[in-house]
Amino acid sequence: MGVKQDGGTIDIVPAMEQEKISDELDKRVKKFLRGAEANLEGLKDKKLKGQLAVREELYGKSAHAAAKAEKWLLPSEGGYLETEGIEKTWMIKQESIAREVDILSSRSQYDIVLPDLGPYTLDFTSSGRYMAVGGRKGHLAILDMKNMSLIREIQVRETVRDVAFLHNELFFAAAQKKYPYIYNRDGTELHCLKEHGAVLRLQFLKNHFLLASVNKFGHLRYQDVTMGRMIGSYRTGLGRTDVMQVNPYNGVVALGHSGGKVSMWKPTSSAPLLQRLCHKGPISAMAFHPNGHLMATAGKEKKIMLWDLRKLQDEPIQTLPGHASTLDFSQKGLLARGCNSYVQILGDFSGSQNYENYMGHGMIKGYQIGKVLFRPYEDVLGIGHSMGWSSILIPGSGEPNFDTWVANPFETSKQRREKEVHSLLDKLPPETIMLNPTELGTVKTQRRKEKRTKEEKEAEMEAALEAVKGIEPKKKTKGRNKPSKRAKKKQEMIVSAKRPFLEQQKKEEEQATRKKQKVSEQVEQPTALQRFVRKKAAT
Amino acid sequence: MKVKVISRSADEFTKERSQDLQRVFRNFDPSIRTQEKAVEYVRAQNAAKLDKIFARPFVGAMEGHIDSISCMAKNPNHLIGIFSGSMDGEIRLWDLASRRTVGRFPGHKGAVQGLTVSTDGRVLVSCGTDSTVRLWSVPVSNLLKEDASSDKSAQPRETYVWKNAFRSVDHQWNSDRFATGGAGVDIWNHNRSAPEQSYQWGTDTVVSVRFNPGEPHILATSASDRSIALYDLRMGKPTSKFIMRTRTNSICWNPMEPINFTAANEDSNCYSFDCRKFGEATCVHMDHVSAVMDIDYSPTGREFVTGSYDRTIMIFPYNAGHKREIYHTKRMQRVFCVKYSCDGSYVISGSDDTNLRLWKSKASEQLGVLLPREQKKHEYHEAVKNRYKHLPEIKRIVRHRHLPKPIYKAGKQIREQNESQRKKQEKRKAHSAPGSIVEEPLRKRKIIKVE
């Protein structure tokens, strides 16, 4: 659009600015494109090619529209913490933040001290509005964080090891001494899940309505809370563990074991999807980044490792020093580490997956931190410790803009009821849990096993032999370096390199001779014994 | 030190008064939604199932004729009316909303073979086996009134007698002329009692005649010598002709792409042609098991409906080889004519059992005025279903149709025959020198000669 005057056109936005805007938009558009464009060059079917080209164009347009909406239409902006001069962000204390921030936000900073009822663990609903709190000595409570009010508290007079909300604030599960129980918002006990046994950790998979639990004996169970059906019950075989986390990106449950192994499970198979040795000591805590690419594990050998889940290399992306009895990632990617009475927040500000110190908070010595959990859609970190629970402000940790159809902190009861029905209609079957959720709907390429020709096999054997011959064996000292022994060793190495190929050849020959035998069997027998010959099915 | 923390004031995010609407906030960021593809898959499955639950295509039947219905005509100026002519010479005007006869046009002594309405909607032209062409004035007042019980029979405005029986008639799109097909193609004018022009190419009867909606002087005809010919009235001569293996019963031009037309053939297939290239068909539509008797395009030009001798109606997309939908009833016998309603929502079939039947073109469509939210929901369901309709679970639900046993068996037999032919051809190719056996595509195979 331009305004035409005699001869020239005046643009409303000058060209330089336009370039800047388009670069920014490009970055945002990439986020909404969800992957690279499909390559349509190899397609021979013209009709399909045309249809797919139209679809790709539409994807581009919708990503563009979403990028524009994100730039201009979102109501809230995220939090931040900027220091001036020689100040560093990790030196800033909660009291100084409280002075700078408005009254409503400073109400989110508090310490609730309840020393008699044991270490506390906590859980938030997905909208961040309600919090469930469980003390080891049997104290269960639900709180409304918006009004800072207690909805209901009950004393179950038994050990409570973990609390987890189900799909909304109306139901929560508590892992008690012998079995896990499900309670109503009013504190009424609804179900006693006897099959699970003495559960150490509970996790709820939101999209699938599955309650996952790991018990004292290391058994992992998945139960569908809509119909009450036990979907899977598996013996992990790796012993007792109380480190369990759900990867929100793909719904996979990860367990951390005392040998340093991390295993990942899905409800439809009794063998784990993945088992990796991550640490040299037992795993003490685990956390998943919401975008599904990063996993943080903490071992008792005072190391915290960050792994890339897409590539799964042998080495972690980053190793940080320190203990952690609990880890958690926020919606914006900040990592909280709690150990003893200190919480450290790490952030990745350069975008290169390099986590560095951002903020810290020391509690009163003697408070043993049991669990840290970021509150969704708020810049708040909830800490459950041995003397109660606390909450501190971490600017920049929460997602400022919520989507009403995903999680609404200002939900009315009517909206909550509607959402429950819609989420039940969209309940995913347990078979959709897989390591790469984007695989759903793709075409499985059929791999045909190609038989290698004789020449190829020979070439492989020769290559292996050459590689072995090239190796120089180590020269031993203290009189063990006799030439005869060296020659023997070399022969052994060559023979061991040849062995697999020779075995394969032998196997194939055996099969061939067996086939030949079967064919020739019928021919050789005399007529009197023909009735005993195995008859081959007519082709 | 500069610090900002997320703080939301409740006034912005909640409603003030109970009459206010709740505000909806959207954030399209993919990272707050997990497992989008799986959720879409489940929604596609539910959408496919709901579609099947709400699929009630049959709206109603219009009875009244006492003999099989041979032809129908739509009035482009009045969407709610449809004319039908039967084998005993009776022509009726029906009101689709009340499904009742609104006017009768008696007069023909034999079967009515062709019906057409002039573009201004005033004149109905009919032709029949009694070698007459009759022009009727369409009563405007009757159309406006809702008087369903009126049995007013009209008198023909004109009756022209000619030398041979007629098989079809079609009106030109921008003038007073119409063409009839009988022994040859005759071009008539409303005011002349004899045709202005007559064309003859070959000695066989012309079975169907259709004017092109885009170029009004181009005419396509099909004859019983298995040919399809194009005539140009400006040049005063027939333009081109090609001969196929079997006879074409009916032709229809695509109203949105007037260079293409589709021919309904006796060999149970429909062939779409580009009128500039007669050497090969652009698409072969195969799903009927018996001769296709009639074809009509939707006003969107995106799909067409066919009626066949195998007692079914099928709706095909304009560029696909197989049907989108099939309609059948125990009471509906051989279907001789079909029409797509002018608003694209209904399909009307006239069959051997003397009834006209009204069907929805989209079987699970909600009729009536939809709220914008309902409309959006339906569109979303369609879109998500189309995205995943190739996956096995959803394909099974979407494709499933109950077919009458004879048609199912006949279809199976045809597929087996085709499959065996294909295998034989493959074996022939495999056992002969590469390149010695050249297989013609199906689109070309059915055309014998182009003149």
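A polar contact is taken here as a pair of N or O atoms within 3.5 Å; within protein, one atom must be able to donate a hydrogen and the other to accept it, and residues adjacent in sequence count only if both atoms are side-chain atoms. By that rule, 24 residue pairs (both at pLDDT 80 or more) are in polar contact across the interface of chain B and chain A. The model is a predicted one, where local features need pLDDT of at least 70 and side-chain atom pairs count only at pLDDT 80 or more, while totals for chains, interfaces and linings use all residues. Residues are numbered from 1 along each chain as its sequence is written, chains are lettered from A and ligands numbered from 1 in the order in which they are written, and side-chain values use heavy atoms, with hydrogens and water left out.

On to the interface itself. On the chain B side, β1 (2-4), α1 (10-13), α2 and α4 (372-387) each supply at least two residues that touch chain A; helices (H or I, at least four residues) and strands (E, at least two) are DSSP runs, numbered from the N terminus. The largest share, 8 residues, comes from α2(B). With contact meaning heavy atoms within 4.5 Å, 39 residues of chain B meet 63 residues of chain A. The two chains bury about 4,700 Å² between them, 55% of it on carbon and sulfur atoms; buried area is the accessible area (1.4 Å probe) that two parts lose on being put together, summed over both.

A salt bridge is a side-chain nitrogen of Lys or Arg within 4 Å of a carboxyl oxygen of Asp or Glu, and 7 of them run between chain B and chain A. One joins D426(A) to R43(B), with the closest N and O atoms 2.7 Å apart. Over all chains, the structure holds 42 salt bridges.

H208(A) sits in the loop between β13 (199-205) and β14 (210-215) of chain A. Leaving out residues up to four places away in sequence, H208(A) touches K427(A), L428(A), P429(A), T432(A), I433(A) and, from the other chain, Q35(B). With a relative accessible area of 2%, H208(A) is buried; buried means under 20%, exposed over 50%, and partly exposed in between (1.4 Å probe, protein chains only).

Now for chain B as a whole. Its secondary structure comes to 7 helices and 30 strands, and its C-alpha trace spans about 100 × 75 × 50 Å along the principal axes. Of its 451 residues, 48% count as buried. Among its buried residues is C252(B), at 8% relative accessible area, found in strand β19 (residues 248-253). C252(B) lies 9.0 Å from F304(B), C-alpha to C-alpha, though the two are 52 residues apart in sequence.

Some salt bridges stay within one chain. D225(B) pairs with K241(B), with the closest N and O atoms 3.4 Å apart. The pair links distant parts of the chain, 16 residues apart: D225(B) is in the loop between β16 (218-223) and β17 (227-232), K241(B) in strand β18 (residues 237-244). Both partners are buried, D225(B) at 17% relative accessibility and K241(B) at 4%. In chain A, the side chains of E510(A) and R514(A) meet at 3.6 Å, N to O. These two are separated by about one helical turn, because they are 4 residues apart in helix α7 (residues 483-524). E510(A) is partly exposed, at 45% relative accessibility.
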